[in-house]
Amino acid sequence: MESGAKEEGKVLGYNSKKVKKVAILSTLAALLDDPILADVPKKPSLSDVDTLINLELGSAMCISIFKLDGTSFDVAVMNSATVKDLKLAIKKKVIELEQSKMGHRHISWRHVWANFCLAHHNGKLLDDDAALHDFGVRNNSQIYLFITRSKAKGKVGGF
């Protein structure tokens, strides 16, 4: 009888952990559906939450990214971010947007960055290690994504 009670306790313990996890996920889903938290990704990482908190505190900046097709999206990066940090934020956001529209889709980012670059105020952001503030990028700046590298060698116009 004693071993039966131990087994029953294990099953209840397992079920209670499972119930707690379901309750937490349900609460998280409800919070993320709140319009106030619309800028939080559906599956946020700790760094996403940290960046959004720093954005509210003024230690991070929101940058609008404009694509060649005329659409745009916003990304948040720390004020001390480099071009590489911005590229990583763009990659994460594009993957999130593509998966919400079409499911899993592979994008070769090595190919993208080999053939295209970012531009801000007719300047090309080609050095991955350079700080964004060195290019004049501030909160609410506009960056143009997917400017072809052939155009990037000269002046970027038409914006």
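I started with asparagine 122, which counts as partly exposed at 40% relative accessibility. My cut-offs: buried is under 20% relative accessible area, exposed is over 50%, and partly exposed is in between, with a 1.4 Å probe and protein chains only. This is a predicted model, so I kept to its limits: local features need pLDDT of at least 70, side-chain atom pairs count only at pLDDT 80 or more, and totals for chains, interfaces and linings use all residues. Residues are numbered from 1 along each chain as its sequence is written, and side-chain values use heavy atoms, with hydrogens and water left out.

I looked up where Asn122 sits: the loop between β3 (116-120) and β4 (123-125). Helices (H or I, at least four residues) and strands (E, at least two) are DSSP runs, numbered from the N terminus. Phi of Asn122 is near 60 degrees, a positive value in a residue other than glycine. I noted that most residues other than glycine have a negative phi.

Asparagine 140 also went on my list, with a phi near 70 degrees, again positive in a non-glycine residue. I found Asn140 in the loop between β4 and β5. Asn140 is exposed, at 57% relative accessible area.

**Whole chain**

I counted five helices and five strands. Reading along the sequence gave me α-α-β-β-α-α-β-β-β-α. Of the 159 residues, 29% are buried. I then checked contacts (heavy atoms within 4.5 Å). Among those between residues at least 6 apart in sequence, 53% join residues at least 24 apart.

I turned to β1 and found six of its seven residues buried. Two strands pair if DSSP finds at least two bridges between them. β1 and β2 run antiparallel and are joined by seven bridges. One pairing I wrote down: alanine 60 has methionine 78 in β2 as its bridge partner. The two strands form a hairpin with five residues between them, and glycine 70 in the turn has a positive phi of about 95 degrees.

**Cores**

Which residues touch the most other members of the largest nonpolar core? I got Ile63, Ile65, Leu86 and Leu132, out of 21 residues. The elements giving two or more residues to this core are β1 (60-66), β2 (72-78), α3 (83-102), α4 (109-115) and β5 (142-148). α3 gives the most, with five residues. For the record, a nonpolar core is a set of buried Ala, Val, Leu, Ile, Met, Phe, Trp, Tyr and Cys residues joined through side-chain atoms within 4.5 Å.

I listed the contacts of isoleucine 63, leaving aside neighbours within four places in sequence; among them are Phe73, Val75, Val77, Leu86, Leu132 and Ile143. A second, separate core has five residues, including Leu52, Leu55, Ala60 and Cys62.

**Salt bridges**

How many salt bridges are there? I get two, taking a side-chain nitrogen of Lys or Arg within 4 Å of a carboxyl oxygen of Asp or Glu.

The side chains of lysine 92 and aspartate 48 meet in one of them, at 2.9 Å from N to O. Lys92 lies in helix α3 and Asp48 in helix α2, so the pair ties together parts that are 44 residues apart in sequence. I checked cover on both sides: Lys92 is partly exposed at 38%, whereas Asp48 is buried at 14%.

Aspartate 128 and lysine 87 also form a salt bridge, with their closest N and O atoms 2.8 Å apart. This pair links distant parts of the chain, 41 residues apart: Asp128 is in the loop between β4 and β5, and Lys87 is in helix α3. Asp128 is partly exposed at 29%, while Lys87 is buried at 10%.

**Surface**

The accessible surface comes to about 10,900 Å², 58% of it belonging to carbon and sulfur atoms (Shrake-Rupley method with a 1.4 Å probe; for residues, only the protein chains shown count as cover). Val49, Ile53 and Leu57 make a nonpolar surface patch of about 280 Å². Patches are made of residues with over 30% relative accessible area and no salt bridge; like charges are joined within 9 Å, and nonpolar side chains (Val, Leu, Ile, Met, Phe, Trp, Tyr) within 5 Å. I picked out leucine 57, which lies in helix α2 (residues 46-57) and is exposed at 64% relative accessible area.
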